[in-house]
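Thanks for coming, everyone. I'll keep this short.

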Amino acid sequence: MTAPPKQSVLSVADVCVRFGGLTAVSGVSFDLKAGEICALIGPNGAGKSTLFNAITGFARTASGRVFFGASDITGKRPDAIARLGVRRTFQNGGVLKRLSVLENILTGLHCETERRIIGNVLRLPSAVAEERSSIARAEEVLHDLGIAHLTNVKAGDLSSGQQRLVEIGRTLAQHSRLILLDEPAVGLSATDRANLGALLKRLAAGGVAILLVEHVLELVMAVSDRIVVLNHGQMIASGTPEAVRNDPVVLEAYLGNK
Ligand code: ADP
Ligand code: MG
């Protein structure tokens, strides 16, 4: 088996996903390095969410491998992959509406270990200190997202755009090396989109690798170092935003699917 290229954070190697007779993802390969933003675009049904699911353990790969750094994570369970530091949002995910914004962000930090749960129950000093640092981290994330003033608001009372930001904040809370965002700009105002773009750029500058599924092409073009285009499960193009924008095969796939 071929090893992943050095310094790749994510390496997708010839991945196929099948649902019965349907091949939803067909032989897709690409790498993502630290600090890189890669957008995954393509018409509805192209296999973008399924590829996310294959990377994060929610869909079984029929063949191919997925590496996180040097670790082969193919076929691992979603919770195990999340614990390694691969974080994602879901296309139709959401916030926990009855919890406050702060509590929502904290859920992104709590990959509970048994030791931790026992520590919390016994109120061990280590657990108390950890809780304090979790809150500090959550507050930092809310500040970065520009929603610190909403810290104690119930998430269900927010606008849909603000709920999206909270959801993204949950994936950012734990300092992860790789985040996957499935259509994060849906329901965001132009201002929120611009803020989101700036946030993604800052995260990447800090070394986080970002895989972004997005239909808002303006955002994709503004933030991506590279774009991978899927159509009917196959990778039909990969390159800089400029190259992909002018690729006749890509234009055909979009127009042909309209
Ligand atoms: P995209 O996110 O690019 O819109 P999806 O990954 O959601 O596309 O879907 C790719 C293809 O796989 C579609 O034809 C879809 O109907 C099919 N598909 C996705 N999830 C399932 C599933 N759980 N069972 C069966 N077919 C699925
Ligand atoms: Mg999708």
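Start at T50. An N or O atom in the side chain of T50 sits 2.5 Å from an oxygen atom of ligand 1. Keep in mind that this is a predicted model.

At G45, a backbone N or O atom lies 2.8 Å from an oxygen atom of ligand 1. At A46, the corresponding distance from a backbone N or O atom to a ligand oxygen is 3.2 Å. How much of ligand 1 does the protein bury? Taken alone, the ligand exposes 560 Å², and the protein buries 58% of that.

Now the shell around the ligand. Two elements give two or more residues each: β2, residues 22–33, and α1, residues 48–56. The largest share comes from α1, with three residues. Among the residues around ligand 1 are F19, L22, P43, K48 and S49. By type, the shell has five nonpolar residues, five polar and one charged.

Next, the cores. In soluble globular proteins, nonpolar side chains tend to be buried together. Here, the largest nonpolar core has 35 residues. Which of them touch the most other members? L196, L200, L203 and I210 do. Several elements supply at least two residues each to this core, including α5 (125–144), α7 (190–205) and β8 (209–213).

Zoom in on L196. Setting aside neighbours within four places in sequence, L196 is in contact with I168, P184, A185, L188 and L219.

One last stop. There is a second, separate core of 29 residues. L10, V12, V66 and V86 are among its members.

Terms used. Residues numbered from 1 in each chain as written. Chains lettered and ligands numbered in written order. Predicted model: local features only at pLDDT ≥ 70, side-chain atom pairs only at ≥ 80, totals over all residues. Heavy atoms only, no water. Near = heavy atom within 4 Å. Polar contact = N/O pair within 3.5 Å; in protein donor to acceptor, adjacent residues only side chain to side chain. Areas by Shrake-Rupley, 256 points an atom, 1.4 Å probe, with all protein chains shown as cover. Helix = DSSP H or I, 4+ residues; strand = E, 2+ residues; numbered from the N terminus. Nonpolar A, V, L, I, M, F, W, Y, C, P; charged D, E, K, R; others polar. Core = buried A, V, L, I, M, F, W, Y, C linked by side-chain atoms within 4.5 Å. Buried < 20%, exposed > 50% of the residue type's maximum accessible area, 1.4 Å probe, protein only. Contact = heavy atoms within 4.5 Å.
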